[in-house]
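Please open the model in your viewer and keep the selection tool at hand. The stops below go from one selection to the next, with a note on what is found at each.

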Amino acid sequence: MPEEEMQLHFTYEEKSSVTFQADSEDLIEELLCCLIKLIIDIPLLDITYEISLEAVSTLVVFLSYQLYHKEILRHSISHKYLMHGRCLPYTSRLVKTLLYNFIRQEKRPPPGTHIFQQQSDGGGLLYGLASGVATGLWTVFTLGGVGSKPAPQQEQSSPLASQSLLLLLVLANLTDAPDSPNPYKQAIMSFKNTQDNTAFPSSNPHAFQINFNSLYTALCDQQKSDQATLLLYMLLHQNSNVRTYMLARTDMENLVVPILEILYHVEERNSHHVYMALIILLILTEDDGFNRSIHEVILKNITWYSERVLTEISLGSLLILVVIRTIQYNMTRTRDKYLHTNCLAALANMSAQFRSLHQYAAQRIISLFSLLSKKHNKVLEQATQSLRGSLSSDDVPLPDYAQDLNVIEEVIRMMLEIINSCLTNSLHHNPNLVYALLYKRDLFEQFRTHPSFQDIMQNIDLVITFFSSRLQQAGAELSVERVLEIIKQGAVALPKDRLRKFPELKFKYVEEEQPEEFFIPYVWSLVYNSAVALYWNPQDIQLFTMDSG
């Protein structure tokens, strides 16, 4: 029903028989305040779990008019009450409670666990039985029918944590009012660590403190869900306190590896989830300290990476492998320019800090360049044939090969800049990349005289020529170990001033001009999917269909 009609259900009138005047009062604000107080004031125990869950879910329902609007909903009765008036003072406590619900990941208590526990508190047997029946009823309602069992994944998860996170994302993405910014977004942007003793800015009344260590651990553990990845993005992008804390962690692999897994299984993920993971990597790679430290973290036995057995590899090399794999997947399947741009920007940000690249990572960098080179030649050939054909036929419209060629040449240039950046800044740290470069030196021949690449090819050409001559002097039939030894010696001997310096490659993530056009539909799609998963158990579909047609 329309929101205005819903409001009538929460409006009552007191009629005076003497004056025939009516005073009406709107109870929606009262109800929203009561729901918020339920969430923030009641301690989370077995006996209060269900009422807390229902309070959170009911708030989501009050905000769900967006699901019935194609355009972004900028004005709403629920929005007005939640962002102004009596609900406003509870903003920071509500955001903090929802975050702690997510952090704690409390499982739903088993039905009937507290049936007789109240007797010692004076509640009596009747109260115990009533509460047990209530728990059983809530279980029926939330699992979709009598006698049904939750699916295995539901048993393992926390409905309260999931719903709290969804409500938090919905609140944080409410559009700003004309006269005031979204207070929930302000709270998310400004909260601090419990160990931070600096004063809160007086300009933000919604600031609060939370345990960053617990939050970091929960975010690391929950990255398989879109919701947790979206929360991580929001915190890294909008809260400088969280970003600084995370970049200072010495166990960044706990956060980065789950993000890489999302990208690795790109075929199984929705495009929004992949984008969020990529943007998180891009934000992290803006920091030079992060780019240095990831090459110092050594990982063992990456079982989910199936293309090759990786018994030991640095986090930096693994990151490069996964990003390159994402680019290659995108080239053959989705062909999304935005995805390409973010992948290449992350590689470019890291390139000056490449250290001790794994031989497989070095090979994949050159393999990607090889793939781009072949694609370039193919499009060039198609463009030439098309041009010849057009000379003999005036009626046939020409495909736009010029645009395709332009895009490929942009990507090739970027790859050459990434290789060049590594060679000029950390040549002596990367013998495996020089080895891969020499092994595939013929690839670069065609680009030496190409007007778009001549400048950037100078350094690469110099490195290839310099090391090739040293290998020729060492004689024929050299082992891999001997070649690497010659490369290491040559890296020390090569005068640094012979390599031309280019501007540092640095790319910064900038949010879209109207981010709500992306984030609000995304958040509500997650709410919708969660509701289907929670209330419509696959085992009950037959029962549901029989009962209701």
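**A tour by selection**

Begin with helix α21 (residues 454-474) and helix α22 (residues 480-493), which in this predicted model pack at an angle of about 130°, their axes lying 10 Å apart. To see what makes the contact, show the side chains of Phe466, Phe467, Arg470, Leu471 and Ala474 on α21, together with Val483, Ile486, Ile487, Gln489, Gly490, Ala491 and Ala493 on α22.

Next, select the largest nonpolar core, a set of 169 residues in which Leu230, Tyr233, Tyr305, Leu318, Ile365 and Phe444 have the most contacts. Helix α19 (residues 401-426) contributes the largest share of this core, with 12 residues. Centre the view on Ile365 and, leaving aside its neighbours within four places in sequence, look for its contacts with Ile320, Ile324, Phe354, Leu357, Met415, Ile419 and Leu433.

Then move to helix α8 (residues 159-172), where 13 of the 14 residues are buried. If you take the distance between the end C-alpha atoms of α8, you should find 20 Å, which agrees with the 20 Å that its 14 residues should span at 1.5 Å a residue.

Of its 549 residues, 50% count as buried, and among contacts between residues at least 6 apart in sequence, 73% join residues at least 24 apart.

Key. Residues are numbered from 1 along each chain as its sequence is written. This is a predicted model: local features need pLDDT of at least 70, side-chain atom pairs count only at pLDDT 80 or more; totals for chains, interfaces and linings use all residues. Side-chain values use heavy atoms; hydrogens and water are left out. Helices (H or I, at least four residues) and strands (E, at least two) are DSSP runs, numbered from the N terminus. The expected span of a helix is 1.5 Å times one less than its number of residues. Buried means under 20% relative accessible area, exposed over 50%, partly exposed in between (1.4 Å probe, protein chains only). A nonpolar core is a set of buried Ala, Val, Leu, Ile, Met, Phe, Trp, Tyr and Cys residues joined through side-chain atoms within 4.5 Å. Contact means heavy atoms within 4.5 Å. Axes are lines fitted to C-alpha atoms, for helices over the stretch in contact, and angles run from 0 to 180 degrees between N-to-C directions.
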